[in-house]
Amino acid sequence: MPELPEVETVKKALEKVLIHHKIVATNTYIDKMRYSVDSLHDVKLNSEIIAFRRRGRYIIVELDSNQCYIIHLGMSGSMRVVVDNEPRKKHEHVLISLDNGMSWRFDCPRRFGFMVLEQLHERGNEPLILAKLGIEPFDEKFTGGYLYKKIHKRKVKIKTLLMDNSIVVGVGNIYVNEVLFQCQISPYRTADSISKKECELLVKNIKEILARAIEAGGTTIADFKGVDGEEGKFVQELLVYGKHGENCPVCRNEIIKEVIGSRSAFYCKKCQK
DNA sequence: AGAGATACCTGGGAGC
DNA sequence: TGCTCCCAGGTATCTC
């Protein structure tokens, strides 16, 4: 389940092996994942890969043809770069051949992810698909004050709101549970009950937990692996996610799992108020 | 417009 | 062991 730290890990790994190589062929083996893959065939041949960016959970790969790939790994997507004649795996839906005999592949069993090609009208322009995204968690403008302003009139539960990527991007279900536990805030609190001070605390912990997860190469729950097949190590640091029935590491009370906004919430009733 | 629910998809785990 | 059922997740899209 790639969240922002996983996506950052994948982006860095891809950049290392793909930068400055040229696209020589595109093969697709499926009509669509979340979106149609047709646009991938519009890539200008021999375009050079010149830059990698990440925006939220999206990876943007810029080409010197003024085109860019926009990639979302969905929940089970992964990338690998192998020699061209390596047999295709069952769910490798997109194979892009490079000028060095390597093959860049998108494996996406559940088809929640996508890969499309867009035009960049002016270099650096935000592709349309990303226009509605909220602030990056590591942006210095992402402060307690910013968060408070965005949420203090909202009636929706804080857990749901922190996962809303029009507020802040990259906080998915794993990390929101960890963040709320660290802040000792119940996932059931409505956003308008969160004080300015608690917003400061939330922002501080979002930044810290995401940074630590990036450091560890992401979290492996079931599906995520980095480009090199290495598993992320942050799973070892999770305190509440997936720990229902176990004891709270702080007070030894039982960690509870309940559904909030149709997603699993893991929390400690005693520690989180 | 805000809030909440649901569809999308398939591997894997639980339960029988 | 083999079968069926259900859950996991981010995002888009729907209704109220």
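1. Around DNA strand C there are 18 residues, of which Arg34, Met75, Tyr241, Lys257 and Arg263 come nearest; a residue counts as near a molecule or strand if one of its heavy atoms lies within 4 Å of it. This is a predicted model, in which local features need pLDDT of at least 70, side-chain atom pairs count only at pLDDT 80 or more, and totals for chains, interfaces and linings use all residues. Side-chain values use heavy atoms, without hydrogens and water.

2. The surface near DNA strand C comprises seven nonpolar, five polar and six charged residues. Here Ala, Val, Leu, Ile, Met, Phe, Trp, Tyr, Cys and Pro count as nonpolar, Asp, Glu, Lys and Arg as charged, and the others, Gly among them, as polar. Sugar or phosphate supplies 53% of the atoms of DNA strand C within 4 Å of the protein, and bases supply the rest.

3. Phosphate oxygens of DNA strand C lie 2.7 Å from a polar side-chain atom of Lys257 and 3.1 Å from one of Ser264. For Arg263, a polar side-chain atom lies 2.4 Å from a base nitrogen of DNA strand C.

4. Elsewhere, four strands form an open sheet in the order S1-S6-S7-S5, with antiparallel pairing. Strands are DSSP runs (E, at least two residues) numbered from the N terminus, and two of them pair if DSSP finds at least two bridges between them. Strands S1 (23-28) and S5 (78-83) stand at the edges with a single partner strand each, so one side of each has no neighbour in the sheet.

5. S1 and strand S6 (residues 92-98) run antiparallel and are joined by five bridges. Asn27 has Leu95 in S6 as its bridge partner.

Key. Residues are numbered from 1 along each chain as its sequence is written. Chains are lettered from A and ligands numbered from 1 in the order in which they are written. A polar contact is a pair of N or O atoms within 3.5 Å; within protein, one must be able to donate a hydrogen and the other to accept it, and residues adjacent in sequence count only if both atoms are side-chain atoms.
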